[in-house]
Amino acid sequence: MSTVLKVSNLEVDFIAAGTVINTPLRGINLEISSGQTLGIVGETGCGKTLTATSIMGLLPSSAIQRGSIEFAEHGLVNAADMADIRGSEITMIFQNPQSAFNPIFTIGTQLHMVAVRRQIARNKIEQLLHARLRSVGLNDVKRVMNSYPHELSGGMLQRCMIAMALISTPKLLIADEPTTALDATIGHQVLGLIRSLQQSEGFAMLFISHDVSAVAKVSDVMAVVYAGRVVESGPTQDVMNNPQHPYTKGLLGAIPSAKKPRGELTAITGNVPSSLKALTGCSFAKRCTSADAQCLGEPPIIQIKEQVIACWKVAP
Amino acid sequence: MKILRNRLSSALLVLLGASFITFTLARVIPSDPALAYIGPKATAAEAAKLRITLGLDQPIPVQYFKYLIETFQGNWGYSLSTKQPILQEIADRLPATLELIFFAISFAVIFGVALGVYAAKYRGKFQDSLIRIFAIIGVSMPAFWLGLLLQMLFAGRLTWFPATGQFDIELKYDHPITRVTGFPLFDSIITGNYHATFNGLHHMILPALTLSAYSFGLLSRMARANLLEVLSQDYVKVARAYGLSERLIFFKLALRNALPPIVTVTGLSAAYLITGTFFVEQVYNWPGIGSFAVNSLLSIDYPAIMGITLVAAIGYLVTNFIVDLIQSKLDPRVWMK
Amino acid sequence: MSKSVMQISNVSKKFPIRDSKNLFTAVDEISIDLMEGEVLGVVGESGSGKSTLARCAFGITTPTSGSITILGQSLAGKSRKSTRELRSNLGFVFQDPAGSINPRMSVYDAISEPLKLRGDSTDHINERVTFLIDRVGLASNQLIRKSHELSGGQCQRVAIARALATNPKIVLLDEPTSSLDLSVQAQILNLLEELRRDFNLTYFMISHNLDVVAHLSDRVAVMKDGKFVEVGTSTAVLTHPEHPFTRELISVYSQDLDISPALPANFNLDHWQDGPLNKWAFQNISAFLPIEEIAPAIKPVDLISAPLAGIEELSIAAEGQEYSLPQILAETHTDALIVLRNGKVAFEKYFNGMHQDSVHLLQSVSKSILGALYSNYIEKGVIDLDKTLGHYVPELKSSVYGQATISQALDMTVALSFSEDYTDSNSEMARLDRACGWRNNFTDQDQGLSSFLPTLTANGSHGKYFQYCSANTDALAWVISRVMGKPYSELIEAELWKPMGASNAASITLDQEGLAVGNGGISCTAHDLALFGQLVLNEGSFNGQQILPKAWVNATMSGASKEVAVPAYLSSLYPEGSYKNQWWVTGSKARELYAVGIYGQYIWIDPSTETVIVKMSSIPIPVDPAHSRMHMSLFRAISALQ
Amino acid sequence: MKFLFKDKLTSMASTLLILFIFLAIFGPLVAPYPKEGRGKANVDNSFIGPGWKHLLGTDELGRDLLSRIIFGARPALLIALAVVGFAAVIGTLLGLIAGYRGGWIDSLIMRVSELFLSFPPLLLSLVAVTFLGPGLVNALIALIISWWPWYARLIRVEASIVKSKPYVEISAAMGVPDRVIILRHILRNVTTPLIVQIAADLGTVILAAGSLAFIGLGAQPPAADWGLMVAQGRNLIFDQWWISTFSGMAIFLAVLAFNILGDALRDHFDPRISRQ
């Protein structure tokens, strides 16, 4: 298995009027092999989406990016290189399918534009789009193509989005909360679809979600992100069954279920820090029950089998 | 088709209401139309007699009903000051005003939208600030004052343009315009009377510019704001993520998305222009409905005022209707609402 | 036994639909009792009506019908002031944390609002607010804050404090944690449970999240389309879900993911009917073509099994060879075979991944279903056999169907310029497939049946000779759907599938405009198709009622008039064979009747031995005389078994 | 209040506005020729061009134009405040009722305001003031007649948005009376759009009042009214250009200041439509 994407020490600063106002990414390390799904899980504001934006090279001008991104055979890539890679070798699906499609063009027109950009021969486009829409389970191809976004349900639009992402047979698909805006059962079907398409098409996937169970279902490896940093990563089964980092433990313990006694969910106290500007040491220390003075220093990277944990309190 | 019928019936209802408001204002407010008709020197007896002939002694609802029927039959009454049929007066003057409005709105749309788009493209830069200042000056400028200033400068000092009128007075004798449609400038073109055309255009520039200032400001502000709004939408991010070029995103997608609100504002400014002509025609002695309106207002020529109000309300409705029609072509969601 | 604190009886709530005279039923006749101290969780998806139900129950909106009793009293028809006392027994916590607190009001003002309303003294209010703010885990210095200065979790704590201000008995929790992060959600859920225990509260909780509901609730009600589809204790609903929707919902929250491949990698819409792709495609039509469902009966008919000895050992002579049953079934690429004898299942076997509940495309066997459907409408006088098709569908007037009558179309004696060549991609048959969406169509022509059928022209006089044309059946499906003003699928459901007691949902494929593909688009289970065969064998009476007119069945079995010329492919197989009412008739003494579809789909009915045989296959090529002869031999051999 | 001085343009507008307010209040004290400002004719000095004695020149009756313009500040600001104030009060009241109550009363109020809005802007005011008779007070009434529906419409939309907020629904369900809900919850949460609209309208009203005066339907001589003064200088524009030019300039600058500040206010309160 070859590495498709490798992100090392990715940091992002936001600046306003010449000074840094926030550092939402404080060193993200990720690696995805071909055909594999990496799930990123984390709570609001932890930097999940920003990581994707950063990889796509779409950060706003007020952001400064450090660290390195390597993509497939391109090696190290910067934002300018990404302009040629995004939309072809890396494609993306978004959280809200209703707003991701332009309301005044038909789905067909919008897919067409992407296909034209990919320099697919004009006489082949129609055929390709038909095949793509069928492959995402939209059999009523003609009607879907002639529909405006407001005429389709959220689930259908998300399928269209997936079809659009697959026009160019990408090496990497970034899925940013693709099921959050959908009803649970519809979202579940979409997850199944993405996963089966991945098996038949063989693309690698970066799957971003706040929903631990969704990540557990679709990903081969997962990374738990807290406050702009990966606190724990490893094979999904290992992380889910044997979490090491206090935050991961807390997060998994917080999932409600009928099996857990009422009133006894693990509740991590406090809130996510709103700005990470001057934060040093372990970003979780403030909310961590086992934190002490040691945790004010940069946490060491501990490896246990295939799991990688950034924590002072985990014994190797 | 059903929607069209609904629109038409609601438009009729609005006209009815508008005419009712004007009628009420004209009758209930304590100024005596009879007095206005025969002048202040008339005796009380004369006034009373006239009231009966004009039907002013009857209850207001009856008067209104009569007025409605007559208006519908095309009998809009006679002007108190010119003693001519109102409909005739309006028909004679409307073309000149419509030509003025046409040029003004064209100026405003072409320059307003172009500069608004330009400002959006260079947002935050020097060009943007300059255009925004221009725009806000445009919407703050009293039309009558701007008219006087331009007149003084370009007609008085520089003598580049004529100060008043739609054509030179001599034109009537040198190159008379053959009446075809009643629109003088248009007629001059189709009859090949290009001398008159150029003369008319020469006369058109200052009034049209004056009239368009407000709409220009409004349109460039709206065009800029809407374009920026569209550019911040999710689907633009998606387009970027799929590698579509910035050119395509800006000019093909975003501009197309920003178009519906721009059309709405164009319609709105066209409506502003209807009353705008009152002042601009006054300043430039334009032989249109605006100057007729002002004269009627000043002489409390109430049949004329009612007629003009009705025409203006119709004009407003028609504008809105056209806007809706264009809107439904531009935005697939419109009929859904 | 605890007592009921809230009774919801037959509550419905309807809303007007914009631009329509109909009403939208958000809540449909719901009844449930809320017991003191229990947590009732209602789970459902957006639009299921759960929020509307809660709003009705707690007096935020008035139900259209039905009654609500809170602590023995009703809110209906009373002024807000007079019910204030009763309303102080209710507490409210809503989803949107920031929206729950007036942004212009401080936390103190928000919590004290219900107390002020009650007319409490300032001292008492202060004391109570201080108590509450501490109880929900906030510091008292938060009291002067406004909502935008608080996090989502903190806002929700304030909302809970306000809900508890007047010591309510029942608290509405409307998606209380949906907009919170997981770790904060856990804090709030823990807090809610703690408060419930301490203050003996009763919770009415609604959520889209089954995990949350199941965790906190004693009882769970699953809501869909305004109705409770399932109510029971959390454990019972989770471990033994009854309703399919509950099962689907539970699967969402389990670890499993259904990743059956959407389409095979080599899928191609131009070749899916041919082998080997058809082995997958015939069982998975809905994966690549738009369909409409044909619902099964509420009480399905179960056929009794009575195995017929000797079938397995049968030896069939065909094409100059002796075949064993397994051999001939393999040779004819069989997917399913069912034999009914005297209305009992004599033999049933599935291949190629099929099972009792799997559906299979019927191809032209669908035509015979249309024939049966028509018989009912002809008898009712809805359809006149002698009227032209164009009479019913004006769009067809200028085509061949402006002259051809219904009866000619049913018997396929329309003289039509049409080549039923399945292998020629330029034949009219291929054009028909394109119009149906069964083949890729990148041209502007033949976009849908309604644009293709009107282009067909005559090439002779009608009623003289039998010419098998699939287009006829599509035109007939269009006609009946237009006459009845309903989708074709609904007609089959109402006239055949439900009355005869079908066990599984069938389906029919649609063209791009939603017209049903009558010529071959039905998929159903072999079992249900056998039921249908039995229905015809029984001369239309089945499942305790006369479903099809007896006379029609007899007329069909008698075959077409001898004067109608028959093509050689039929007369070479069955010298007396003919085609009548969309069925094939062998014309032999046994009066056999059969329905056939390309690639080997059959219903074979032999009245002489009371036998019905259903065979579903995926032969690689559409038609092959050798296979036809093998099928004939096979069916006659089975039928002849004693 | 920092946003009123956030950039050069806004600071300039704020300064200008403060100057106008100052002149409106203390005009009589700072005007160089207060008597002439009040209207006293001084025919010997008529048509003196701008110079050191009369910075902006004199008019037909020899009155110092600068003093006249300074005296014109007060009526201009007053009419703007009065029209917007009354229109906002009437409109807010009706809008609140329509938006909160809904149903037939909503339809009634909205249909009526739509009728008033079916005239092109300003036309209704022109007609009304004609029949009421020219004059400053009548112009004011006429402007209110055509202005209130805008507020009714705005507040209705805002009120119906706030009405569906959970805190309003919860209060209603607890049994809080409508009157209290409207005052405590709804009114308090529609003030922001209301203020933004008022700020945007002040300039427009000055412009409208000036227009009425210009065609002779507003303030009447000898009042010191900017619009009227432009009209008085209209036929002299080619020779005694300063009369119309400077009086019109006063209107223009006042409107400009209000418009710029209106924009700043909107950007501050409603970042949705902010322009960076």
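Q: Please examine the hairpin formed by E12(C) and E13(C): how many residues lie between the two strands, and which residue in the turn has a positive phi?

A: This is a predicted model, in which local features need pLDDT of at least 70 and side-chain atom pairs count only at pLDDT 80 or more, while totals for chains, interfaces and linings use all residues. Residues are numbered from 1 along each chain as its sequence is written, and chains are lettered from A and ligands numbered from 1 in the order in which they are written.

There are two residues between E12(C) and E13(C), and in the turn Glu319(C) has a positive phi of about 50°. Helices (H or I, at least four residues) and strands (E, at least two) are DSSP runs, numbered from the N terminus. Strand E12 covers residues 315-318 of chain C, and strand E13 covers residues 321-324. Two strands pair if DSSP finds at least two bridges between them; here the pairing is antiparallel and has four bridges. In one of these bridges, Ile316(C) has Tyr323(C) of E13(C) as its partner.

The setting of chain C may also be described. Its contacts with chain A involve 44 residues of chain C and 46 of chain A, where contact requires C-beta atoms, placed from the backbone, to lie within 7 Å. Helices H6 (182-199), H7 (210-216), H8 (234-239) and H9 (244-252) of chain C each contribute at least two residues to the side that touches chain A. The largest share, nine residues, is from H6(C).

Methods: Two residues are in contact if their C-beta atoms, placed from the backbone, lie within 7 Å.
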